Each structure stands twice: as C-alpha cells, then as structure tokens.
Amino acid sequence: MAEPLLEMHEVSKRYPGVLAVDQVSLTVLPGEVHVVVGENGAGKSTLMKLLAQVERPDEGVIRVDGKPVAFRGPRFAQLVLGVSMVHQELALAAHLSVAENLCLGDESSRWGVLSRRADRRRARSLLARVNLTVDPARAVGTLPIADRQRVEIAKALNGNPRVVIMDEPTTMLTEAEIDDLFTVIAELKGCGITIVYISHRLDEVAHLADRVTVLRDGRVVQTLPAAEASPQHLIRLMVGRDIGDLYPKPDVEVGDILLSADGICRRGKVVDLVDCSVDVRSGEIVGFAGLVGAGRTELARAIFGADIPDAGRVSVRGRKVNLRSARQGIAAGLGYLTEDRQAEGLAMALPVDQNITLANIPLRLRMIDLPAERKIAQSWGNQLGIKAPSIKSRVRTLSGGNQQKIVVAKWLEARSQVLFFDEPARGIDVAAKAEIFDLIGRLAAQGCGIVIISSYLPELLNMCDRILVLRAGRIAGELARDEFSEERIMQLATGTGKGFQR
Amino acid sequence: MGWQGRRVPSPGTWRHRARSVVSQLAAAGTVLVLFIYLSLASDAFITANNLINIGVQSAVVAIIAIGMTIVIITAGIDLSVGSVAALSGVLGALLVVNYGVAIPLAIIGGTAIGAVAGMVNGLLVTQAGMAPFIATLGMLSVARGLVYIVTGSVAVSGTPPEFKVLGQGRLGALPIPVLTLVLVAVLGHLILTRTKLGRYAYAIGSNVEAARLSGVPVKRYLAIVYIISGTMAGLAGMIAASRVNSGQPNFGIGLELDVIAATVIGGASLFGGEGTVVGTLLGALLIALIRNGSVLLDINTFYQQIIIGIIIWIAVFWDQYRRRRAAAR
C-alpha cells in the first residue's frame, strides 16, 4: 500500500455542547477518491474543515506526507500543504466577477494596482480545468447554480493543490449536472489530484469511490473499499440499524379530482410557463420531474398563488380559485412546502408552535388563544412524531427532518387538501427521509392530493402514481406508473426522445 | 414518539416564564446596579421629585421606542420618529394657538399627524418597495423641513395653561406622561404577544417569504406597523410640547438614536424577529438613569454619550453571546 498522503490520528473537535468529531483516525491515499458518508450531523463537514484548517482541532495530530502539520488556517492549508476545500454552501461573493472571486485574497497586482488582465488570464486557465466556459468578467450572482459551483471548484484549484475536499457538491444539482461534475472529478483524478468527497447519497459511492469511510455520531464506523460498499450495507453502518423501505408507498384508491389547474402561463425570470395543465386526484401522488430551470417550482408556485399566473384557471374541488396571493390558495385548500425551508418555509427564530399555527392562528375574542395554540402544536407534534425539546424550542435548533415535519403540520393545521412538496428530502438524513416519505404516503391514504417535485428520480419513481415531465416551461409529457423509467423521464426532460409529446 | 420534554420545562410553567425574564437580565441587572449605585452616590437621587422626573424623562423616549420595537421586530427601522414628533408637537400647538381648537382635539390631531407620517412611511416601504432605512430617512428630512416651514423656525407659544396637562399634570401622585407610557406599554405588550399583528410582525421579521407563503398579508401588516410607530412618535411629540407648553421646532433632533438605542439595549435585533416591550422599557429606563445620574453626579454631558454608546455595545455583545450559547445547547 502506498504511503498515506493525509493522516488524521485521534482527532477531536468539540463545539459548545457537542462533540462533533470524536477521536477520529483516517488516512487518505495519494490519487484516490475517498468518499466520506454519514447522516446529517455525523460530523462529516466538521471533519473536513479540520483537514482544510478551517477549524482548529482540539486534540489529535494531522499529518501530511507523514509529517505533523501546524495549524495556520485555510490559506496555509491550500497554498502550502496543498489541501483545499469546496464548501457545501457556496462561498462566493455574488457581486464580484468570476475572475475576482477566483483570485480573491491573492490578486495579481503591480505596484499595488490590481492587474485585471492577469487575473482574467489566471481565471480562464482555472475555469478550463473544470470545463467551464463563462466570461470571467461576469458577476457570479448572474450564473446558474451549477456554474457557480464549478467556479467554486476552480477556486479550490488555486495553487495546484494535491487534495481537493468536496462537501456534498451535488445537493443543488440535477442528474445531468451531476454527471458533468463526475466527469470533472474523474479528470482531476486523472491529473493526480486526490479527492475527498463528502456525500449522503449512497448511489454516488459506486460512481466515484475508491474507498469509503462511514461516520456516525462523530466517530469512524469503518473504512472499506468501494467494492464492498453496497448501499444496504452502508445504510446499516450509517444508521447503526436496518431501515425498512425508504419509500413506503401505500396502495391507495385514487378518488375524485381535487385540484385542477388549466392552461397556466406565467412569464418568469428563469423560465416562462406556457399552457401547463395539471390534475391531482384525492389519494394520488403526482410527480413533477425535469431539469433545474424547467419550471417545476415555478409551476407549483403559480398554482399555489405564491406567484400570480398571467393566465390560466385553478379550481379546487370544482370551485374556482381566485389566485391573487398565497392567501387565496391557502384558503382554497392548497399548501406548498418550499424547496428551501430556511429561506422560505419557516420562521427560524420563532418557536415550534408559532410556526405550526402561522397559516391558521387560533383566535378568541380577536386575541391569540395561547392555550389552544399550545394544544394544537402538541397534538401535531405527537401525530407527526416531531422531536424537539419543547414546543417553545426555536425551529432553528431542530434537525432538517423535524423542520420539514413542522412545515407539514402547518399546512395540515391550515386544512390543506392538496400539498406541494418541493424537494422534500433535501438536507434531511436517511432515517428522516424515510419518515417524510412515509408521512407523504399516509397523507395520500387519508385522501390528500400530493405533488412531489424532485430532482432525484428514485424518489419520484417509487412514490408517484403519475409523473409529469417539464421542459422549458412546458409539460413535455406524462407517464403513468407502469410507464415509469429513468430513461423515459430523461428523454422527455431533455427533449431527446422521439415524439412523446402529448 | 413526541416531545422529549424532560430537560426543558414546558411553556406556561413558572420556570419557563422565569427563563424568559432571565434573558432580559442584562438590561434589568444594569438598571438595578445603576439604581443602587446612584442612590448611594447621590442624596438627591431617591427623592420623589427626582424619581418622577426620571419617569417623565424616559416616557417620551419609551413611548416612541415601543412603536419602534414593533418596526424593528419586522426587520425594519423608523428613522423619522424625532422629526415626526416635532411636527406633531408644533402642529398640535398651532391648532390651539392659531385655530382655537379644543385641547383634547388638538392632542388627537397632533397624534394623528404622526399616524399620517407613519402611513406615508408604510406606503413607501410596501408600495414603492423602498428599504425602510431610506424611506424613513427621507421622512426624517421632509418632516423636519415642514416643521421649519410652518413655524418659521420660531417656537409656537401662547398655548393656554391647560395645554400643560398632558405633559405636566398628575393623576394622584403619578404624572400623566408615566400613566400614558404604562397604557402604551400594556397595549404594546398585548399586541406583540396576543394578537395576529404581533405574531405576524415576528414572522415577517424572522422570514418574510415564509410569512407570505403562509398567507400573511405582509404589506398590509407592514404598513400598520409604520403607522403605529408614527402614531407613537406623534403622541410623544404632543407630550413633549405639553411639557414645555409650546411647540419647539428643534425638538427631537437625534431622538431616533436614543429610541433605537433603547430597543437594542432591550434585546431587539435589527435583523428582525426579536424584541419585547419589557426589554425596550428597561432600555429606555437605563438611558434615562444614565442621563439623570450624570446630571446629579455632575458628569460632563459629553461623557453621557460615550457611556450610552458603550452600553449599547455591551448589551448587544451580551445578547449575541447568550444566543450563541442557547443555540449550542
């Protein structure tokens, strides 16, 4: 076996109240793609921040080429040790140009005057290494997410690092973009760069990994060769027990039409919706598939009333809805669980109970009925299995799965009959994911109509009765459950199929 | 499954309430320490006259600060309160002096001027989509300009003695400004904790998009919040005019800073979603104590400014520290 390039020996990191990384020993071999998996909160990101010297370890030794290294911060790690990191939440300055971002902190200058031309030249060569052709003068904020992330990776290549750490780089990407990213990773590996790749998506392991390390509760459970790492085995190691079916879809008799949206059109910033029609029946789970930017979220928001459509009709239980605002949609019985809970779904600073009742506050004599509010929150908490220290805990302090359940509780409390779940499993660990999908199945069984938007096809293929595929703001096709296949969906989504137009 | 409610007491119990009061301790503790110190350091401090004086002094700032608290909870700000208070004061006085309007009506009229200014702020923020800082900065300038135009920058005097009741009168032993403050505080507290308006203010400040998607009519409630702030500024302006029995065109210059200081010391966050009436009251009281104590101990007024600034730093620092610790738990 080759000498390890990186070695962590009994490294620990403590945050106030949590031991995030607990006596971890880990070796990274030169030239390998080393995937680190684990549930949210298992300590993956913290561990990587220790490697990249973003955080200082409390105990333990980190060696590079067998020599213990001093802690001097991320710049030292990247430029001297050759260990750089691509962070999960994109850390780019949106107002600065691509070139300015790439050279940030290390600008070329002559006598103190910035040399834009040199920076652009350097930017171009970095961008070329990640197969990205954008104008280096363009503001990063104007780029699509996938390109921004590519810029972030290019930034990590500054100073020719030997190890690039990537923290869940695919969470915001579509399947096609993920394939592109994997190509880039393969090319970097071909150049002799060692990759440490954090993931909680187990299918990525098979694509990428030479070796896999599983973390649980801040400790290393096991490091194993990729060949021995079947998804089932990894889940067992990650969770510490067997998880039943990840997508428990119940058999439900599909009933009457609950929601009918007809000819929805809306000019949008990203995409224009053109003549989109959707029916959702009681007990039915409908999927919206498509590439990012195809208009899935936009369509859900227009039907719900979060964005006002330019044309089209929406009716719930045969009654026309006057879509002027989300308020009307809610009153008609619609609920929308946003893709980004933190930015759009929850009031993170408010307690659990206030979030649950936000769309339907119990009043008594025009004052908020606090005892009733408490009872409502308590009851939803018990029914949905929301785990929180108390109903007065701030939502910010809870896990993604529990936050998602609180949003569900909010809509159920608002008597929503048709629920749009926009990327319901994003940022949620495996066990909570199974719970959320189980909950979705139960809601359908109780007669709710469900729409799921997801970029992760297995979720749609397993959960849905019907899938609508969007492409460039139009509904490119509709598949019934017996026609489901990843290929069909991708053909429709990319327009490469032959005449599936309906 | 369900609540793992062992370590943290359930809400509504005395322990929970005690805990939420404890979180105000930074301001409350400072007020207490300062109070004890001043009563030892100066014989003139614990006298009925002086304590009443402190109450009256803090009333104007505190009343405006309660309106400001609601604005700040929505992640907004109202910089125009000082100018608006002056506008209300001089127009209220003018109504009496020039137009012979009955004094209670003039008080209501002056306060209503504040409400109108607040409504303009609210419309600028919600309809024109301006940042609250900019909208109310404009109002700060416009209202002050109006004050100088209508008064010719001369104080409006000649009001009858009854005009003084609001600012100098007493009901039993208690000064009317203090009673007014108590009334405003109780109402403000109820609004924030027990009405949709209050709940929506916190929700908008915490996450405006989540609030909108939950069916909260964000624009309507934001406009109401600025109207409340303007109204409080108007009411306080009338009290201030009544205290000096005239409409002073220079009243309230820089007052917004004291008001914002009071709310911030009281635990409100300029990022929204946080703030309480009790905290703001403590903040206003703290500022009044510092001013009063400086006079009693014969400290140069310039040092007051420095002390208040440092207390703002300490209060905010303490608050962040507390929050970080709570988040880590």
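At what angle do helix H5 (residues 103-126) and helix H6 (residues 132-151) of chain B pack? That is the topic of the opening view, and every view here comes from a predicted model.

**View 1. Helices H5 and H6 of chain B pack against each other.** The angle is about 145 degrees, and the two axes lie 9 Å apart. Look at the handedness too: the crossing of H5(B) and H6(B) is right-handed. On the H5(B) side you'll find B:Ala117, B:Val120, B:Asn121, B:Leu124 and B:Val125, and they meet B:Pro132, B:Ala135, B:Thr136, B:Met139 and B:Ala143 of H6(B). Sort the residues of this contact by class and you get eight nonpolar, two polar and no charged.

**View 2. The largest nonpolar core has 248 residues.** Those with the most contacts inside this core are A:Ile450, B:Ile63 and B:Ile64. Helix H11 (residues 218-243) of chain B gives the most to the core, namely 16 residues. Zoom in on B:Ile64 and, setting aside residues up to four places away in sequence, you can pick out its partners: B:Val81, B:Ala85, B:Met232, B:Ala233, B:Ala236 and B:Val259.

**View 3. Domain 1 and domain 2 of chain A touch each other.** The domain assignment of chain A gives domain 1 as 6-239 and domain 2 as 257-348 + 418-494. Taken over C-alpha atoms, their centres are 33 Å apart. Ten residues from domain 1 and eight residues from domain 2 make up the contact. On the domain 1 side, helix H6 (175-190) and helix H8 (231-239) of chain A each supply at least two residues, and H8(A) gives the most, with three residues. By class, that side of domain 1 has four nonpolar, four polar and two charged residues.

**View 4. Helix H1 (residues 44-51) of chain A is largely enclosed by the rest of the structure.** Why say so? Eight of its eight residues are buried. Here they are by name: A:Lys44, A:Ser45, A:Thr46, A:Leu47, A:Met48, A:Lys49, A:Leu50 and A:Leu51. After H1(A) comes A:Gln53, with a positive phi near 60 degrees.

**View 5. B:Val97 sits in helix H4 (residues 81-99) of chain B.** This residue has 18 other C-beta atoms within 10 Å and is partly exposed. Skip its neighbours within four places in sequence, and B:Val97 is in contact with B:Val156, B:Gly158 and B:Thr159. Now look across to B:Leu222: from B:Val97 it is 125 residues apart in sequence and 35 Å apart in space, C-alpha to C-alpha.

**View 6. A:Asn131 has a positive phi, near 55 degrees, and is not a glycine.** You'll find A:Asn131 in the loop between helix H4 (116-129) and helix H5 (145-156) of chain A. With 13 other C-beta atoms within 10 Å, A:Asn131 is partly exposed.

**View 7. A:Glu423 is not a glycine either, yet its phi is positive, about 50 degrees.** Its place is the loop between strand S21 (418-422) and helix H15 (430-445) of chain A. Is A:Glu423 buried or exposed? A:Glu423 has 22 other C-beta atoms within 10 Å, so it's buried.

Methods
Residues are numbered from 1 along each chain as its sequence is written. Chains are lettered from A and ligands numbered from 1 in the order in which they are written. This is a predicted model: local features need pLDDT of at least 70, side-chain atom pairs count only at pLDDT 80 or more; totals for chains, interfaces and linings use all residues. A nonpolar core is a set of buried Ala, Val, Leu, Ile, Met, Phe, Trp, Tyr and Cys residues joined through C-beta atoms within 7 Å. A residue is buried if 20 or more other C-beta atoms lie within 10 Å of its own, exposed if 12 or fewer, and partly exposed in between; C-beta atoms are placed from the backbone. Helices (H or I, at least four residues) and strands (E, at least two) are DSSP runs, numbered from the N terminus. Two residues are in contact if their C-beta atoms, placed from the backbone, lie within 7 Å. Axes are lines fitted to C-alpha atoms, for helices over the stretch in contact, and angles run from 0 to 180 degrees between N-to-C directions. A crossing is left-handed if the near helix is turned anticlockwise from the far one by less than a right angle, and right-handed if clockwise. Ala, Val, Leu, Ile, Met, Phe, Trp, Tyr, Cys and Pro count as nonpolar, Asp, Glu, Lys and Arg as charged, and the others, Gly among them, as polar. Domain bounds come from an automatic or database domain assignment.
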